[in-house]
Every structure is written in C-alpha cells, then in structure tokens.
Amino acid sequence: MEMRKKITIILLLSGLILALLPLSANRSFLIKPEKLLSDVLNSDVALTVDQVAKLIVNEDSTIRLIDLRSPEEFSSLSIPGSVNVPYSDLISSDLYIFMNDRNIRNIFYSNTAFYSNYALVYARGLGYKNSFVMEGGLSEWFNTVMESKFTGERISARENALYETRTKAAQLFTQFNSMPDSLKAVFMAANKFSAKKLDGGCE
Amino acid sequence: MDALKKYRFVSGVFLILLTAVLYRSFTHSGFRYDAPRLAGQSFQGSNIITEEQIPGFQDALIIDMSNSEVLKDRYSEITLKVRPDSILDKKNIRRMLKNKGPVILVSSENTISARIWMLLSQKGLKNIFILSEEKDFEVLKNKFRTDTLSIPELI
C-alpha cells in the first residue's frame with residue numbers, strides 16, 4: 001500500500017477514535033437542564049432542620065449527613081453522625097467515592113445555604129438523585145433546634161412532639177460536641193469515608 | 001467524479017467521523033464539559049456580592065426572581081423580573097448571554113439563587129453573581145458552649 005494511503009488511514013482512524021472516546025476525565029452533567037431545574041426547584045429536595053432532627057433522634061440508617069465545611073470547622077462543631085467532605089473536595093473528586101450507595105439519602109449541610117445548595121445541584125446534575133439538602137444549614141439548626149424553648153403554655157400534641165424531638169436532638173448535639181477531642185476523633189474516624197477503587201465500567 | 005472515486009475510501013471514513021462528531025455534539029445533555037472547573041467560582045464566595053457593590057458594576061443585569069419590587073424600583077433600567085422556573089427560557093438565556101456586564105441573581109432566599117447559579121454556570125454562562133444581604137460568606141454566627149446546659153448565643 002502506498003505510504004500516502006497508510007498515513008491517511010492512520011490519521012482518519014485516530015480521528016475516529018478521538019471522536020468516540022469519552023472526553024478524558026472531564027465530568028459533565030448528565031441530566032437535561034430543564035429536568036435538573038425542575039428537580040432542584042422541587043420542595044422535596046430540601047429537608048427542614050426538624051425533619052433532620054427526627055431522623056437523627058430515630059437513628060435512621062437510610063440517611064447520611066454530609067458536612068461540607070472545612071475539617072477545622074467540622075472537628076470543632078458538627079451534627080452527630082455526619083461525615084466531613086469539604087466542598088472543594090466534593091467538587092474536585094469523583095462523587096462515586098462518597099455517594100455510591102443509591103439506597104442512602106445524602107443530605108448536604110454547611111453553615112448557611114450556599115455550599116449545600118451548590119452541592120445539591122452539582123450532585124443531582126451528575127446523576128445522583130439521592131442528594132438532598134438541610135434547609136438553612138447549621139445556622140437554622142441553632143435557631144430552631146438548639147434554641148427551642150417550652151413556654152409553659154398549653155400546646156397541641158403535635159407541638160409537644162416537635163418540642164420533644166428538638167430537645168432530644170439538641171441533647172445529642174450538645175453531648176457529642178462536648179466530648180473530649182480524643183473521643184470525638186474516634187467517633188468521627190468511624191464515620192469517615194474510605195475511598196473506593198473504581199473497578200471500571202458502569203455502576 | 002474521478003477525484004471522488006479516487007478518494008472514496010477516505011471520504012467514507014470522513015463521513016463516519018463527521019457523523020460521530022455530530023452525534024456527540026447534539027446528543028449532549030446541554031451542559032458544558034468539565035463540571036468541576038465550572039463550579040470553581042463558587043469557592044470562598046467569590047461569586048457573592050452585596051447591594052452596595054451593584055453601582056460599581058458596569059452594564060450589570062439584575063435577574064430578579066424574588067416577589068419583592070424593591071430592587072426593580074431602585075434599578076428599574078437594569079432589572080429583569082424572571083420566575084425561577086422560567087430562567088432557562090430562550091429569551092432569558094439570550095438576554096443573559098448578550099449582556100456585556102455581570103449578571104446578578106436575586107431571590108427571596110439565597111437557596112434559590114445558589115441553585116440557579118450552579119445550573120447556569122454549568123451551562124457555560126460566565127460572570128454570574130449572587131446578591132446576598134449577608135456580607136459574610138458561610139459564617140456561623142451562633143456560638144456553642146461545651147457543657148450540658150449550653151445555650152447558644154449570637155456573637
């Protein structure tokens with residue numbers, strides 16, 4: 001075969017391979033923008049602090065609280081049972097490492113609303129429908145759960161149940177965050193993610 | 001015709017290649033590639049501004065998704081009222097793309113602005129900011145005292 005033909009074939013085949021290869025390691029949202037917009041504007045993606053408090057008090061094993069703050073902030077103060085994945089790490093890593101179990105609801109929180117809601121859209125955009133957010137973050141947790149007070153007036157059964165849940169959650173929070181650092185470290189280590197190696201292929 | 005016959009093999013392969021590229025281009029989700037890089041501006045609140053900063057921006061466009069008319073009254077010439085669920089309408093996207101200056105997202109809750117910001121950034125729109133009443137970004141203002149009778153207090 002002529003050299004010219006050989007070179008032509010090699011170049012064209014290379015081009016074909018490049019066109020069909022996945023785009024290196026770059027990640028892109030998988031869901032259509034309109035669908036994602038509809039998903040993230042749906043109220044179901046957000047849990048109130050009361051809902052999260054109830055899940056914690058009931059030791060619900062179908063949730064995982066993901067604290068998006070820095071390791072220093074997390075070790076200083078955090079919601080019991082949560083795991084720390086700093087926002088920058090979440091964005092720069094493969095989410096599969098943290099969110100591979102589709103049966104678990106991953107609930108993001110941060111100090112306020114920004115990081116957690118960015119993470120919500122980011123995760124859902126990449127196809128992780130099991131992503132949720134705790135409304136208002138730790139600020140709202142403090143304002144609603146930690147500052148819950150019983151006024152002494154007559155309240156309904158529903159209000160009483162809410163107050164009880166808040167009180168229990170506040171106690172858990174206080175006890176956990178009052179632990180000595182050494183005990184806390186042991187407790188937190190048990191909740192750290194271990195990086196999962198990808199075997200390759202699809203989920 | 002002779003030239004075509006001569007290069008039919010190459011033309012055939014080229015057509016396959018072209019089809020593959022077109023397929024990849026038009027079946028893509030509608031978002032840009034490299035999601036982590038596009039999300040980068042959200043680190044450390046570099047995309048958050050306060051109202052005092054608005055006059056300092058040239059050619060700013062305010063996308064007001066709130067129920068309030070306050071901003072529209074103050075900045076009527078540069079404010080566009082948009083419902084959050086219609087932010088992706090072609091006319092709105094076109095308006096944002098055409099704008100020479102920054103696009104500023106406003107809503108009654110930072111929640112909505114944050115979500116819309118991430119979505120628009122992933123579509124490749126640049127120079128988008130979120131208007132926030134709080135100057136401090138992701139700061140916990142509540143204090144926690146480590147004792148069993150702790151009562152959180154505001155700093």
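**Notes on a predicted two-chain model**

1. In chain B, strands β4(B) and β5(B) are paired in the parallel sense, with three bridges between them.

2. Chain B has an open sheet of five strands, ordered β1-β5-β4-β2-β3, and the pairing is parallel. Its edges are β1 (48-49) and β3 (79-81) of chain B; each has a single partner strand, so one side of each is left without a neighbour in the sheet.

3. Within β5(B), B:Ile130 is the bridge partner of B:Ile48, and B:Leu131 is the bridge partner of B:Ile49.

4. Are the residues on the two sides of β5(B) buried or exposed? B:Ile128 and B:Ile130 lie on one side, B:Phe129 and B:Leu131 on the other, and all of them are buried, so that both faces of the strand are covered. Helix α6 (residues 110-122) of chain B lies across β4 (103-106) and β5 of chain B. The helix runs at about 175 degrees to β5(B).

5. Chain A also has a sheet to examine. Here five strands form an open sheet with parallel pairing, in the order β1-β5-β4-β2-β3. The edge positions belong to β1 (46-47) and β3 of chain A; since each has a single partner strand, one side of each is left without a neighbour in the sheet.

6. Strand β2 (residues 63-67) of chain A is largely enclosed by the rest of the structure, because five of its five residues are buried. A:Ile63, A:Leu65 and A:Asp67 point one way from β2(A), while A:Arg64 and A:Ile66 point the other way. The buried set therefore includes A:Asp67 and A:Arg64 as well as A:Ile63, A:Leu65 and A:Ile66.

7. Which strands pair with β2(A)? With strand β4 (residues 105-109) of chain A, β2(A) pairs in the parallel sense over five bridges. A:Leu65 has A:Ile107 as its bridge partner in β4(A). With strand β3 (residues 83-84) of chain A, the pairing is again in the parallel sense, over two bridges, and A:Ile66 stands opposite A:Val83 of β3(A).

8. β4(A) also pairs with strand β5 (residues 131-134) of chain A, in the parallel sense over three bridges. In this pairing, A:Phe108 stands opposite A:Val133 of β5(A). Helix α7(A) lies across β4 and β5 of chain A and runs at about 170 degrees to β5(A).

9. Which residues have the most contacts inside the largest nonpolar core? They are A:Ile107, A:Ala119, A:Tyr122, B:Ile104 and B:Leu105, in a core of 76 residues. The element that gives the most to this core is α7(A), with eight residues. Once neighbours within four places in sequence are left aside, A:Ile107 is in contact with A:Leu47, A:Val52, A:Ile63, A:Leu65, A:Ile66, A:Phe132, A:Val133 and A:Met134.

10. The contact between the chains takes 45 residues from chain A and 43 residues from chain B. On the side of chain A that touches chain B, at least two residues each come from α1 (3-20), α2 (33-41), α5 (87-92), α7 (114-125), α8 (137-146) and α9 (157-177) of chain A. The largest share, eight residues, is supplied by α7(A). By class, this side of chain A has 26 nonpolar, 15 polar and four charged residues.

11. The axes of helix α3 (residues 49-57) of chain A and α8(A) come within 10 Å and cross at roughly 75 degrees, which makes α3(A) roughly perpendicular to α8(A). From α3(A) the contact uses A:Val49, A:Asp50 and A:Ala53, and from α8(A) it uses A:Glu140, A:Trp141, A:Thr144 and A:Val145. By class, the residues of this contact are four nonpolar, one polar and two charged.

How values were computed. Residues are numbered from 1 along each chain as its sequence is written. Chains are lettered from A and ligands numbered from 1 in the order in which they are written. This is a predicted model: local features need pLDDT of at least 70, side-chain atom pairs count only at pLDDT 80 or more; totals for chains, interfaces and linings use all residues. Two residues are in contact if their C-beta atoms, placed from the backbone, lie within 7 Å. Helices (H or I, at least four residues) and strands (E, at least two) are DSSP runs, numbered from the N terminus. Ala, Val, Leu, Ile, Met, Phe, Trp, Tyr, Cys and Pro count as nonpolar, Asp, Glu, Lys and Arg as charged, and the others, Gly among them, as polar. A nonpolar core is a set of buried Ala, Val, Leu, Ile, Met, Phe, Trp, Tyr and Cys residues joined through C-beta atoms within 7 Å. A residue is buried if 20 or more other C-beta atoms lie within 10 Å of its own, exposed if 12 or fewer, and partly exposed in between; C-beta atoms are placed from the backbone. Two strands pair if DSSP finds at least two bridges between them. Axes are lines fitted to C-alpha atoms, for helices over the stretch in contact, and angles run from 0 to 180 degrees between N-to-C directions. Angles under 35 degrees count as roughly parallel, over 145 as roughly antiparallel, 65 to 115 as roughly perpendicular and the rest as oblique.
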